[in-house]
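Try each task before you read its solution.

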Amino acid sequence: MSFLAIWALFAHAEELTSPNGKMKLTFSITEGIPSYQLYLDDHAIINTSTLGLELKDAEDLRSHFAVENVETSTFDETWKPVWGEQSQIRNHYNELAVTLKQETTKRRMILRFRVFDDGLGFRYEFPEQPNLHYFVVKAEHTQFAMTGDHTAFWIPGDYDTQEYDYTKSKLSEIRGLMQAAITPNASQTPISPTAVQTALMLKTDDGYYINLHEAALKEYSCMHLELDDENMVFESVLTPDATGNMAYMQTPCTTPWRTVIASKNAGDILLSNITLNLNEPCAYASTDWIKPVKYIGVWWEMITGKSSWAYTDVPSVKLGETDFSKTTPNGKHAANTEHVKMYIDFAARHGFDAVLVEGWNEGWEDWFGKSKDYVFDFVSPYPDFDVEELRDYAKSKNVRLIMHHETSSSVRNYERHLDTAYQFMVDNNYNAVKSGYVGNIIPRGEHHYGQWMVNHYLYALKKAAGYKIMVNAHEAVRPTGLCRTYPNLIGNESARGTEYEAFGGNHVDHTTILPFTRLIGGPMDYTPGIFETQISELNPDNHSQVRTTIARQLALYVTMYSPLQMAADLPENYQQHLDAFQFIKDVAIDWDTTLVLEAEPGDFITYARKAKDSESWFVGRTNDEEARTSEIRFDFLSPDKKYIATVYSDAKDAHWKTNPKAYEITKYAVSSKSKLKQFCAPGGGYAISIVPVENKTELKGIKKL
């Protein structure tokens with residue numbers, strides 16, 4: 001080997017800055033090993049971190065590399081999402097593509113880096129080549145070396161669930177807190193004492209906010225982060241399949257993007273579009289069938305135990321053999337024709353788009369915990385659920401029904417039935433489905449977040465598009481911005497949602513953390529809007545309490561972004577608070593502009609959003625367990641307009657535990673010069689609707705703010 005070749009193998013460095021010059025990436029090869037660093041304003045965000053893949057039955061792609069080619073470029077576009085937090089998104093970055101040649105094998109690997117003003121995305125690429133066609137990933141060794149013992153907002157690394165409360169701690173404290181953080185779930189596979197999940201939110205002692213995640217997760221397994229808590233270095237941990245392998249690859253191919261978002265301002269993390277921008281443009285020629293949805297549903301009464309999904313109480317059923325017309329109804333089945341009509345009437349009366357109905361189909365008697373393959377067929381209704389009558393009734397009221405497909409994680413069974421199930425939806429005027437993956441995956445041994453399941457979720461989504469069906473997948477892999485490419489993915493759960501408030505409760509600060517973590521990858525079907533916080537009022541045997549005030553439940557429609565928003569409580573509970581319910585009716589679900597007025601992860605978030613194709617604005621503030629005073633300006637309003645702001649706030653004596661229903665509704669005349677100081681109760685917050693004044697007489701008698 002020549003001297004120059006030896007030098008290239010052992011030492012090479014490249015530097016790339018963001019368009020505004022504030023974010024800087026350095027890439028280097030040292031003794032054949034690739035690594036990177038990231039800086040913001042010359043402050044280290046990521047220390048020297050090595051890169052590479054470990055392969056099965058082949059030499060690893062971790063060392064013996066030399067730089068063969070370097071290309072740089074700049075990209076700048078503005079694109080319009082089908083739905084979103086902004087009506088236009090700028091995608092502006094500088095790119096560095098480094099082609100590496102492994103001297104020992106002559107294989108090539110490209111490391112592609114994109115540096116944005118607010119962070120970094122990078123991935124591994126494998127071009128078609130003579131010495132690399134098929135390979136199996138045994139482990140990915142992507143590092144994120146921290147610069148200190150940062151404060152982290154984390155949930156345990158787990159191959160099967162994200163449904164954990166967040167823990168706030170120093171990185172060095174994760175190991176000691178892990179056991180308590182792993183709470184029971186229907187399917188869970190914790191990884192290690194120091195593994196956590198993305199999107200991971202961090203704050204440094206000197207006030208930098210850092211977020212670690214991934215984008216465009218396709219044909220690969222989901223990434224977790226394993227912490228070396230002596231050196232404060234995270235390393236990627238992929239989700240294995242039933243045989244222990246992480247990913248099966250065929251060139252040409254790429255990994256998902258690994259992302260780092262960083263800022264001195266917490267609100268910039270919330271407003272970053274890096275995750276979306278690293279995904280491909282919309283894959284569909286026509287998207288007029290994809291529309292945001294505000295809905296109610298026959299769901300909360302089952303979650304609380306007031307009603308049941310199952311029609312009977314027999315311990316064992318077999319689809320196609322059990323004659324449900326000859327079984328004894330249990331009297332608690334919620335998905336019956338007359339009851340669903342009541343929900344449809346309520347939706348029509350209050351302007352909701354749709355009604356979700358769960359428990360309508362045969363098989364709920366023994367659906368869970370039996371590792372049952374043929375568990376549902378997704379087309380056979382119980383005797384008390386008249387599909388055609390409800391189809392026609394809903395249509396007469398200008399309301400759509402939302403289909404429910406619980407798979408019980410029998411994924412092979414679901415795929416066998418997908419075409420029939422989707423055609424059944426089309427035939428009966430359903431255009432949206434909530435799918436669920438509760439329990440352990442069949443095929444047995446697979447995990448919710450492995451490559452096989454990642455491929456399934458996308459398969460179901462793309463097939464749904466062929467039937468013009470929108471998908472809201474629960475218990476699926478966490479979102480990574482794929483909704484840009486496939487906008488019929490209008491919702492995901494993939495985190496601990498409102499349902500857990502009926503299972504003992506979420507931490508009070510939960511909704512002040514989720515926008516910094518789970519929502520970085522895409523919208524969440526959080527199912528807010530609970531007004532009756534004492535679950536025993538619905539089910540005397542359930543003594544859970546929803547840890548919130550009514551005012552904060554209203555705020556969540558603004559702070560927990562989703563184009564799919566549910567008013568989750570029972571209609572009779574809304575009837576008792578129609579004045580507060582008005583905000584849920586009024587609030588938009590698609591936006592032109594989004595601003596963050598105040599934010600501190602784990603403490604509070606205040607958003608202001610302008611409704612799409614409207615001059616109306618909506619503000620929402622979610623607060624943690626401490627009483628606080630929010631101070632905001634209305635300088636985002638048009639300076640030449642007057643507005644009426646309706647503020648739905650906590651009363652002075654409100655408290656999530658002792659006085660959750662204490663709220664006040666106040667109207668103010670506001671302009672771009674107005675300011676507001678607003679009390680926020682423990683577990684509370686506020687919501688504001690801001691509507692432009694068409695006639696000055698509307699302001700008569702209204703206090704000016």
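**Exercise 1. In what order do the seven strands of the open sheet lie, and which strands stand at its edges?**

Solution. This is a predicted model. Step one: reading across the open sheet, the seven strands come in the order β29-β30-β31-β36-β33-β34-β37, and their pairing is mixed. Step two: β29 (591-600) and β37 (703-704) are the edge strands; each has a single partner strand, so one side of each is left without a neighbour in the sheet.

**Exercise 2. Find how β33 and β34 are joined, then see which helices pack on the sheet.**

Solution. Begin with the pair: β33 (residues 643-650) and β34 (residues 663-670) run antiparallel and are joined by eight bridges. Within this pair, Y643 is opposite V670 of β34. Next, look at helix α10 (residues 550-559), which packs on the sheet and touches β30 (604-611), β31 (617-623), β33, β34 and β36 (685-692). The direction of α10 makes about 120° with that of β31. Then turn to helix α12 (residues 578-586), which also packs on the sheet, with contacts to β31, β33, β34 and β36. Its direction makes about 125° with that of β33.

**Exercise 3. Is K80 buried or exposed?**

Solution. First locate K80: it sits in the loop between β6 (65-79) and β7 (89-102). Now apply the cut-off: exposed means over 50% relative accessible area. K80 has 64% relative accessibility, so it counts as exposed. Leaving aside residues up to four places away in sequence, K80 touches S87 and Q88. Finally, compare positions: 31 Å separates the C-alpha atoms of K80 and V647, which are 567 residues apart along the chain.

Definitions and conventions:
Residues are numbered from 1 along each chain as its sequence is written. This is a predicted model: local features need pLDDT of at least 70, side-chain atom pairs count only at pLDDT 80 or more; totals for chains, interfaces and linings use all residues. Side-chain values use heavy atoms; hydrogens and water are left out. Helices (H or I, at least four residues) and strands (E, at least two) are DSSP runs, numbered from the N terminus. Buried means under 20% relative accessible area, exposed over 50%, partly exposed in between (1.4 Å probe, protein chains only). Contact means heavy atoms within 4.5 Å. Two strands pair if DSSP finds at least two bridges between them. Axes are lines fitted to C-alpha atoms, for helices over the stretch in contact, and angles run from 0 to 180 degrees between N-to-C directions.
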